[in-house]
Amino acid sequence: KFSEVSSQDFVTQTMKNAIVSGKIAHSYLLTGPRGVGKTTIARIFAKALNCPNLKDGEPCNKCDSCLEITNGNHPDVFELDAASNRGIDDVRAIQDAAKFFPIKGKYKFFIVDEVHMLTTQAFNALLKILEEPPAYLIFILATTNPEKIPATITSRCQRFPLQRIKIKEISDNIKEIAKEEKVKIDDESLFLISKLGDGALRDAQGIFDMAVSFCGENIKYEELKNFLNIPDK
């Protein structure tokens, strides 16, 4: 849910208000460093707009639509990785799919990750759809390099800059995961993992994952320090 996203209150609150008031834009640009929740927010937004049991702008996560988007098999929500599908043919495929009404939901979503990787021709083709989108179509573009996106594209999107996540929020998140997975972890280890994440929640979760593989159900600072090969201050 939006309420579970760490450190991005400005973005999540704005999106929730837009959903509640019905003032939905047709294209959004989410920018920010890796691992701060760009794709996650895009999926939650898609969930919320297609959810029949919406409450205060939050999806229910129980209906068929929410579950299908969570599992990645909803017929109206397309995720495209522009790093590997960057040509004009890939954007043409989006143009063709965009002509048809949504099958199940109210809106059809295209979530384009790493959008700055598209070629110039692909951007021009994308611009055509963004200029005159049908009422049921919503684009969410996500990127770590907003300066590489043409100004003509940026000006047609609502832009949300996402910030790096604070150490406390990362450690709270890891604490929650540890509790769910029944892993014991001391405060020093928590702080160390959160700090090594360097503002990216995904990186910190990856380090925590490795720590669990190495230390087992009980993570101690001394073991972790040796495992991560960190010198004493």
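## Aromatic pairs and the cluster

Two rings of Phe, Tyr or Trp count as a pair if their centres lie within 6.5 Å. With that in hand, look at Phe 10, Tyr 28, Phe 45, Phe 109 and Phe 160, which form one aromatic cluster. Keep in mind that this is a predicted model. In total, the structure holds eight aromatic pairs.

Start with Phe 45 and Phe 109, whose ring centres sit 6.1 Å apart with the planes at 90°, so this pair is edge-to-face. Phe 45 belongs to helix α2 and Phe 109 to strand β3, so to speak a link between distant parts of the chain, 64 residues apart. Phe 45 counts as buried at 0% relative accessibility, and Phe 109 is likewise buried at 0%.

Phe 78 and Phe 110 make a stacked pair, with 5.0 Å from centre to centre and 15° between the planes. Here the link runs from strand β2 (residues 77-81), which holds Phe 78, to strand β3, which holds Phe 110, and the two are 32 residues apart.

## Helix α2, where Phe 45 sits

Helix α2 has 13 residues, and 11 of them are buried, so the rest of the structure largely encloses this helix. The buried ones are Lys 38, Thr 39, Ile 41, Ala 42, Ile 44, Phe 45, Ala 46, Lys 47, Ala 48, Leu 49 and Asn 50. What covers them? The cover includes the helices α1 and α3, along with the strands β1 (27-31), β2, β3 and β4 (137-143).

The length of α2 also checks out: at 1.5 Å a residue, its 13 residues should span 18 Å, and the C-alpha atoms at its ends are 19 Å apart, which agrees.

## Thr 12 in helix α1

Thr 12 has its place in helix α1 and counts as buried, at 7% relative accessibility. A polar atom of the Thr 12 side chain lies 3.3 Å from the backbone oxygen of Asp 9.

Leaving aside residues up to four places away in sequence, Thr 12 touches Phe 2, Val 5 and Ile 41. Ile 41 is one of the buried residues of α2, and α1 is part of what covers the buried residues of that helix.

## Salt bridges

How many salt bridges does the structure hold? There are 12. One of them joins the side chains of Glu 58 and Lys 16, at 3.6 Å from N to O. Glu 58 lies in the loop between α2 (38-50) and α3 (64-71), while Lys 16 is in helix α1 (residues 9-21), so this pair ties together parts that are 42 residues apart in sequence. Both Glu 58 and Lys 16 are buried. Another salt bridge brings together the side chains of Lys 104 and Glu 68, at 2.6 Å from N to O. Lys 104 is in the loop between α4 (88-98) and β3 (108-113) and Glu 68 is in helix α3, so the pair ties together parts 36 residues apart in sequence. Glu 68 is buried, with a relative accessible area of 19%.

Then there is a network: Lys 128, Glu 131, Glu 132 and Arg 156 are linked by salt bridges. Within it, the side chains of Glu 132 and Lys 128 meet at 3.8 Å, N to O. Glu 132 is exposed, with a relative accessible area of 58%, and Lys 128 counts as partly exposed at 45% relative accessibility.

## Cysteines

As for burial, Cys 60 counts as buried at 18% relative accessibility, because the cut-off is under 20%. Cys 215 is buried too, with a relative accessible area of 13%.

Definitions and conventions: Residues are numbered from 1 along each chain as its sequence is written. This is a predicted model: local features need pLDDT of at least 70, side-chain atom pairs count only at pLDDT 80 or more; totals for chains, interfaces and linings use all residues. Side-chain values use heavy atoms; hydrogens and water are left out. Buried means under 20% relative accessible area, exposed over 50%, partly exposed in between (1.4 Å probe, protein chains only). A salt bridge is a side-chain nitrogen of Lys or Arg within 4 Å of a carboxyl oxygen of Asp or Glu. Helices (H or I, at least four residues) and strands (E, at least two) are DSSP runs, numbered from the N terminus. A polar contact is a pair of N or O atoms within 3.5 Å; within protein, one must be able to donate a hydrogen and the other to accept it, and residues adjacent in sequence count only if both atoms are side-chain atoms. Contact means heavy atoms within 4.5 Å. Rings of Phe, Tyr and Trp (its six-membered ring) pair if their centres lie within 6.5 Å; planes under 30 degrees apart count as stacked, over 60 as edge-to-face and the rest as tilted. The expected span of a helix is 1.5 Å times one less than its number of residues.
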